[in-house]
Structures are given as C-alpha cells and as structure tokens.
Amino acid sequence: MSVPLLRKAKSSAPTSARKPAPARPTPSAPAPLVVRQVEVDDDHDGQRLDNFLMRLCKGVPKSHIYKAIRGGEVRVNKGRVGVDHRLAVGDIVRVPPLRLPEQKVHFVPPGEFPVVFEDEAMLVIDKPAGVAVHGGSGVDFGVIEQLRKSRPQAKFLELVHRLDRDTSGLLMIGKKRSALVGLHQSLRDGGWSKHYLTVVSGDWVNDRQHVRLPLTKWTTKSGERRVRVDPDGQVAHTIFSLKQRYGAFSLLDAELKTGRTHQIRVHLASSGFPIIGDDKYGDDDVNARLASSGFKRMFLHAHTLSLLHPLTGERLELQAPLPPDCVAFLEELATP
C-alpha cells in the first residue's frame, strides 16, 4: 500500500542531528511457504497418504512428495507414517512447504455440458466430439478443468473413466471420493455394460462377432502414442453387432468387455473395417472423401451405459442420443 508523502516542517536542529529518512519500501517478495495442518474429511476417508497429497499439492512432482513423507516432514496425528498409510476422517496431516515448479498459466474457460444424470455423488454428461476430457499432451485444458472452473463451489470433481478426444457420448465424473472408488471397483469387476455406436468402412459380415485381440501401447518416432495388436499385449475383448448395412458402410454396436486404450478403433481396423473419420487407424482416402462432402469427425459415440449406483445400489440405465451430424450422415446414407 502506498503511503502519502507529508510535507515536513522545518527543523531548527542541526543537520547532523536529524534522523535519517526512512528507507523506501521495496516490492514485497512472495509470501513464504508455510506448514499446513489439514484435517481429513469424509471425501478422503480411507485414501492413501501419497494420493491425498498429490491431489492436495497439484503440480508437485511425485518424487518430492515421497521424499517429504519418507523424511518425516509429513506427519499424521504428529506421527511418522509410510506413503501407503490409509487416512481416516478427523486425521490431522502435517503438510510441509512444497514449492510448485514454475509453470505457464493457461486460461481455462468455464464450461458446462449436456447433463444426462446428476446427483450428490456423480455426474454424467454427453461429451461432444473434438473436446479432450483433460489437459495434457498439447491440450491446455479439457472437460474436467472446464467443469471445475464453472463449479468453483464443488469440493471434488474427478474423471471416472476417459473417452478419446474425437469420441462423443457418455462421460462420468465422480462428485465424492466414495462414489469414485465404488465406480472404479465396479468397473474392475465388470459391473458396467458399455455400448458404442460406430460406422465402419466396408460391408460387415456377421450379425454378432466377438473380437479378442490383445493390445499394447507404443510410440511413433514423432512421439505420438498409438496402440497395436500384439500377442504379448493386454487382453482385450469387444463384441460387435450389426445394426444396419449401407453398402460401402456399416453401422455397428460395439460392446466393451474390457476397457483398453483405443480398443474399439484398433479391433475394427485390425479386422479390416476401420471407423470412418479415424485419423489414427482409419482409411485416409475414405476419410478425405467424406470430409470433402462435409462429414469431418470420427463416427464413434458412447451410446448407452448400464451400472449400479455406487452408493445406493440403484440400477442406472443411461443413454446419450446420436449427435445431429451423425444422424444426418446416416440419413444421407439411407437415401437412395
């Protein structure tokens, strides 16, 4: 705060006896980092200490957090604990000063998306194609950052699962940690039934076909992450059902039995029926022809999701209708 200068009265004291003028204030330095005492609430009951700190101290490298825990700088109820210690409601966690690495700050605009289902535990939205679910890999922000920006009062918003940037449809967000944990456990136990709608290039043969091709991740020379079929890869299982034939194209329902990265896309491309508009695994010539006629997205839509509510046990049957551009494309294919 600037202080107004006051005109001093002339002093009769000798110059040598005058008090020196106070030094001008220098610009204030950033406030020093301080130790915090954080009480564990219901949303973090049972959470591992390292995960609790990584969420609390976003941006701090994991190695710094582990070093602080192992060095005794982090305490729980004044006692030393390990990185895998499980917290309980009411615990007091001593959080030492952990300096964030300098990062470029990106503007995140607030964003809301069509809501399919919402209660105090979870939120399900209909994600549009072309929007990443989170920032990273060249993307400054995604759905989750925009939701947090538009809902500053929300204490907890975390992605339950992910969709590719160019895939549209049902995306689930946990609003309570207990719900997030329950949903993850249900997903691991196979308690979800997830169906996608997709259009592929080619005349699909079987009405119902199981594809079991193991998948592994790899990186191109340019640094792009991809997935391919690999006998030593992770087990992956998709069930495809024919919905409609359109000559050179086919509309399929894809039921995920496992949830590997790019699973539907790679299973279809490896079977000789790439998804239209897929810029990683699709047919470039077909995609170029469709783009020139106005269809410029990947036709993959998370259509239906059936699961038990993680807290109430109620059966949820959720559905996101096909986006207008996909509906229009199918109508055009059906026109003689």
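Student: How many salt bridges does the count come to here?

Tutor: A salt bridge is a side-chain nitrogen of Lys or Arg within 4 Å of a carboxyl oxygen of Asp or Glu. By this rule the count comes to 14 salt bridges. The model is a predicted one, where local features need pLDDT of at least 70 and side-chain atom pairs count only at pLDDT 80 or more, while totals for chains, interfaces and linings use all residues. Residues are numbered from 1 along each chain as its sequence is written, and side-chain values use heavy atoms, with hydrogens and water left out.

Student: Which parts of the chain does the pair R148 and E158 link?

Tutor: The side chains of R148 and E158 meet in a salt bridge, N to O, at 3.2 Å. This pair links distant parts of the chain, 10 residues apart: R148 lies in helix α3 (residues 143–150) and E158 in strand β6 (residues 158–159). Helices (H or I, at least four residues) and strands (E, at least two) are DSSP runs, numbered from the N terminus.

Student: In what order do the three strands of the open sheet stand?

Tutor: Two strands pair if DSSP finds at least two bridges between them. Here the order is β1-β3-β2, with antiparallel pairing. The edge strands, each pairing on one side only, are β1 (36–39) and β2 (75–76). Four bridges join β1 to β3 (residues 92–95), and R36 stands opposite V95 in β3.

Student: How are two packed helices described?

Tutor: They are described by the angle between their axes and the distance between the axes. Axes are lines fitted to C-alpha atoms, for helices over the stretch in contact, and angles run from 0 to 180 degrees between N-to-C directions. In this model, α1 and helix α2 (residues 62–70) pack at about 125°, with axes 10 Å apart. Therefore α1 is oblique to α2: angles under 35 degrees count as roughly parallel, over 145 as roughly antiparallel, 65 to 115 as roughly perpendicular and the rest as oblique.

Student: Which residues of α1 and α2 meet?

Tutor: Contact means heavy atoms within 4.5 Å. L49, D50, L53 and M54 in α1 meet K62, I65, Y66 and I69 in α2. Helix α1 (residues 49–56) also lies across β1, β2 and β3, running at about 60° to β3.

Student: Where does a positive phi occur in the hairpin of β10 and β11?

Tutor: Strands β10 (residues 215–219) and β11 (residues 225–229) pair in the antiparallel sense over five bridges, and T219 has R225 in β11 as its bridge partner. Five residues lie between the strands, and G223 takes a positive phi near 95°.
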